Amino acid sequence: MLRVGIIGLGFIGHVHYKAYRALKDKVTIAAICDIERERLDHPGAILGNIDAGPDGVDLSEAALYTDAAKMLAEQKLDLVSIGLPTYLHAKYTRMALEAGVHVFCEKPMALNPAECDSMIAAAEANGKLLQIGHVIRFWPEYGWARDAVQDGRYGKLLAAHFQRLSQTPNWSWQNWLLDSTKSGGAALDLHIHDADYVHYLFGMPNAVFSTGATRVSGGSDHLLTQYLYCGNLAVSAVGGWIMSKAFGFRQAFDLVFERANIQYDSTHSPSLVVQPHDKEPFSPEVSSDSGYDIEISHFVERILGAELPIVLTPQESRESVRLILAEVESAATGKVVAL
Ligand SMILES: NC(=O)c1ccc[n+]([C@@H]2O[C@H](COP(=O)([O-])OP(=O)(O)OC[C@H]3O[C@@H](n4cnc5c(N)ncnc54)[C@H](O)[C@@H]3O)[C@@H](O)[C@H]2O)c1
């Protein structure tokens, strides 16, 4: 049994908790740390844009801490999951790696490439795994679409457009999300999901051109980017968190192939539809498992020594942070930014 620690029992910490609990034949949730004792005493009372849900959160068998260093010193853990605000990722990831445990750290990896480099160096120096929570790489519909791009079943891909829009997230601890110096704004917090998926599908672009808006965080709150690749391929993504409460949340994409379109919209049912040029539209069957469960299961299996396809590396996660900073720079300067 692997002994898991969770650091940060906020919104995503609850999602991690549920993902580990689903693996209870392989892991035990040995310890949980949150700086706010109240969150440990009343788990589940956290709101957010994804249904973390209050049901079934039972911390009675875990050792509870408000100090991560103490938890790492006292508990013999094999791995920790870090669900802390982004500005704390580098510090606590390094701390855990130096304590000799594998680390799953939420996306974005950190606020800038230098912080990411320090995390990669700590993983290498201590011989431990470091996986960043780029969950879209594991999301069943996005995985299905990637297979279609790679195996060419609908011909060549000509265009790809992504969208991720949310109501303003006013639910975070001390409102850290709405301080761009701590979160990187919607660009680094939200839009990075699609930028990283673009990176996953096509590699890093040659350059980006972005335009955007600032409204609530002092940074990038709505960003529209063209990813510039060589050849006959048009790629764009828009992401932002200044939609009204009534809008809620939507993630979506359109992929345009020579012989079909693939359309995904999280607010539609069915959400994934293929429209071939010469046949009736259909909705492919994909796993009903959540991407969060799949990514954490992947991490656990890697620790247990399974030989799995490489879905992401810490270096790629670092590059996705660099990509976002280039987009933000482009929006600020009005210029194409080369990568
Ligand atoms: N993959 C995804 O889809 C996804 C979704 C939401 C959030 N996230 C990422 O997860 C991270 C956390 O976001 P969130 O929405 O859960 O934030 P949150 O504000 O809901 O939770 C943060 C938690 O960390 C705790 N905390 C703060 N400082 C601490 C410290 N020093 N030691 C221990 N606990 C401390 C807070 O008390 C709070 O419970 C962010 O990096 C965010 O980008 C990812």
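Is Q174 buried or exposed? With 10 C-beta neighbours inside 10 Å, Q174 counts as exposed. The structure is a predicted model, in which local features need pLDDT of at least 70 and side-chain atom pairs count only at pLDDT 80 or more, while totals for chains, interfaces and linings use all residues. Residues are numbered from 1 along each chain as its sequence is written. The protein is divided into domain 1 (2-134) and domain 2 (136-286 + 313-338), with bounds that come from an automatic or database domain assignment.

**Terms for burial and contact**

- A residue is buried if 20 or more other C-beta atoms lie within 10 Å of its own, exposed if 12 or fewer, and partly exposed in between, with C-beta atoms placed from the backbone.
- Two residues are in contact if their C-beta atoms, placed from the backbone, lie within 7 Å.
- Helices (H or I, at least four residues) and strands (E, at least two) are DSSP runs, numbered from the N terminus.

- The C-alpha centres of domain 1 and domain 2 are 26 Å apart.
- Domain 1 puts 23 residues into the contact, and domain 2 puts in 22 residues.
- On the side of domain 1 that touches domain 2, helix 5 (113-126) and strand 6 (130-133) are the elements that give two or more residues.
- Helix 5 gives the most to that side, with 6 residues.
- By class, that side of domain 1 has 15 nonpolar, 6 polar and 2 charged residues; Ala, Val, Leu, Ile, Met, Phe, Trp, Tyr, Cys and Pro count as nonpolar, Asp, Glu, Lys and Arg as charged, and the others, Gly among them, as polar.

**Ligand shell**

- The ligand is surrounded by 27 residues, of which G8, G10, F11, E106 and W173 are the closest; a residue is near a molecule if its C-beta atom, placed from the backbone, lies within 6 Å of it.
- Helix 1 (residues 11-21) supplies the largest share of this shell, 3 residues.
- The shell has 13 nonpolar, 8 polar and 6 charged residues.
- Domain 1 and domain 2 each give at least three residues to the shell around the ligand.

**Nonpolar core**

- The largest nonpolar core has 81 residues, and I6, I7, I29, V80, I82, V103 and I324 touch the most other members.
- A nonpolar core is a set of buried Ala, Val, Leu, Ile, Met, Phe, Trp, Tyr and Cys residues joined through C-beta atoms within 7 Å.
- Helix 8 (residues 185-202) gives the most to this core, with 8 residues.
- The core also draws at least three residues from each of domain 1 and domain 2.
- Leaving aside neighbours within four places in sequence, I29 is in contact with V4, I6, Y17, Y20, R21 and A62.

- K182 lies in helix 7 (residues 180-183) and is buried, because 20 other C-beta atoms lie within 10 Å.
- Beyond its neighbours within four places in sequence, K182 is in contact with P85, T86, Y87 and W176.
- K182 and A110 are 72 residues apart in sequence, but their C-alpha atoms are 9.8 Å apart in space.
- W144 lies in helix 6 (residues 140-151) and is partly exposed, because 17 other C-beta atoms lie within 10 Å.
- Beyond its neighbours within four places in sequence, W144 is in contact with L272, P284 and V286.
- W144 and E285 are 141 residues apart in sequence and 9.1 Å apart in space, C-alpha to C-alpha.

**Backbone features**

- The peptide bond joining K107 and P108 is cis, with omega about -15°; P108 is in the loop between strand 5 (102-106) and helix 5.
- A cis peptide bond also runs from S269 to P270, with omega near 0°; P270 is in the loop between strand 12 (260-265) and strand 13 (272-276).
- Q174 is not a glycine, yet has a positive phi of about 50°; Q174 is found in the loop between strand 7 (157-167) and helix 7.
- N175, also not a glycine, has a positive phi of about 55° and is found in the loop between strand 7 and helix 7.
- N175 counts as partly exposed, with 13 C-beta neighbours inside 10 Å.
- Helix 10 (residues 314-333) has 20 residues and should span 28 Å at 1.5 Å a residue, which agrees with the 29 Å between its end C-alpha atoms; the expected span is 1.5 Å times one less than the number of residues.
- Just after helix 10, G334 has a positive phi of about 75°.
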